[in-house]
Amino acid sequence: MNSVVDFSSQLREEVRDQAAPQRTHITVRGLTKTFGGVPVYSNFNLDLPKGKVTCVFGPNGCGKSTLINMIAGLVPYDEGDILFDGKTLKQTTIGYVFQNYREALFPWMRAIDNIKYPLEIMGMSKADCDARVQELIASFDVQFDLNRYPYEFSGGQQQLISIMRALAPHPEVLFLDEPFSALDYEMTLFIREKLQEIFQATGVTMIVVSHDLEEAVYLADNILLLTKRPTRVADTVVFDAVRPRDIATLSSDAFVQTKARCLDIFQKEVRR
């Protein structure tokens, strides 16, 4: 059964005992998930660090999106325990940016009301909702009219609105499921830089699913490399280049070496 409240004291102590600078934020133990009787995850364990960007990368069909969807509470799992800094999901504020931004936004709501929605669900007053939206508008330097409806915006603008909505409640963890996959290259660069700015300004824990290795290494502090099904962790590769990262990062020795190491691990797994 999917356990939400009944966690073991041992797991709680394990989370509390982490050293502060490298403290684990998300602790996954014994995660098991099957589809049609076929195991995707079996007794899967994982620690994701606090205040870091972790990019999840692996072979097609290995369950990258399924993993973050289970952690975020969007997909039920068969067995296992998940804690967020020692707390349950219900005790944790999360944000989620979906891959398909066209379907993620409520089409009957103006963009500004989409952004306010999680704040209203939390019971925040209209004045506080308005103030928070204005903070986000200033932070992202939004130049377009948010009183229009989602279909009136470009794809990049819709994804930016989705990110603003996810950030509105000041999440402790921000999940992003292939946030650039449906964007053109210009908008990918723009959104990528905005995510860097968000991270530097807030230090929010970010979990990003990516199908592009260069993108994953560029964004990440840690690249989580997964295996084929039943999925395990092949390796976690650290990339500690200074931020903000820019075009020079892409040609640095550290970037090239880190990408090569990740590619080697990935290719070995694909050929296995």
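Predicted model: local features only at pLDDT ≥ 70, side-chain atom pairs only at ≥ 80, totals over all residues.
Residues are numbered from 1 along each chain as its sequence is written, and side-chain values use heavy atoms, with hydrogens and water left out.

Helices (H or I, at least four residues) and strands (E, at least two) are DSSP runs numbered from the N terminus. Two strands are taken to pair if DSSP finds at least two bridges between them. On this basis, six strands form an open sheet with mixed pairing, in the order E5-E6-E7-E3-E8-E9. Strand E5 (94–97) and strand E9 (233–238) are its edge strands, each pairing on one side only. Val56 has Leu224 in E8 as its bridge partner. Helix H6 (residues 155–167) lies across E5 and strand E6 (173–177), and runs at about 170° to E5.

Strand E1 (residues 24–35) pairs with two further strands. Eight bridges connect E1 to strand E2 (residues 38–49) in an antiparallel arrangement, with Thr34 opposite Pro39 in E2. E1 and E2 make up a hairpin with two residues between them, and Gly36 in the turn has a positive phi of about 60°. E1 also runs antiparallel to strand E4 (residues 79–84), joined to it by five bridges; here Thr27 stands opposite Leu83 in E4. E1 is mostly covered, with 10 of its 12 residues buried (under 20% relative accessible area, 1.4 Å probe, protein chains only; exposed is over 50%, partly exposed in between).

A nonpolar core is a set of buried Ala, Val, Leu, Ile, Met, Phe, Trp, Tyr and Cys residues joined through side-chain atoms within 4.5 Å. The largest such core has 51 residues, and Phe140, Leu146, Met164, Met206 and Ile223 have the most contacts inside it. H6 supplies the largest share of this core, six residues. Apart from it lies another core of 25 residues, including Leu67, Tyr96, Ile207 and Val209. Beyond its neighbours within four places in sequence, Leu146 is in contact (heavy atoms within 4.5 Å) with Arg110, Ala111, Ile112, Ile115, Ile137, Phe153, Ile161 and Met164.

Definitions and conventions: Axes fitted to C-alpha atoms, helices over the stretch in contact; angles between N-to-C directions.
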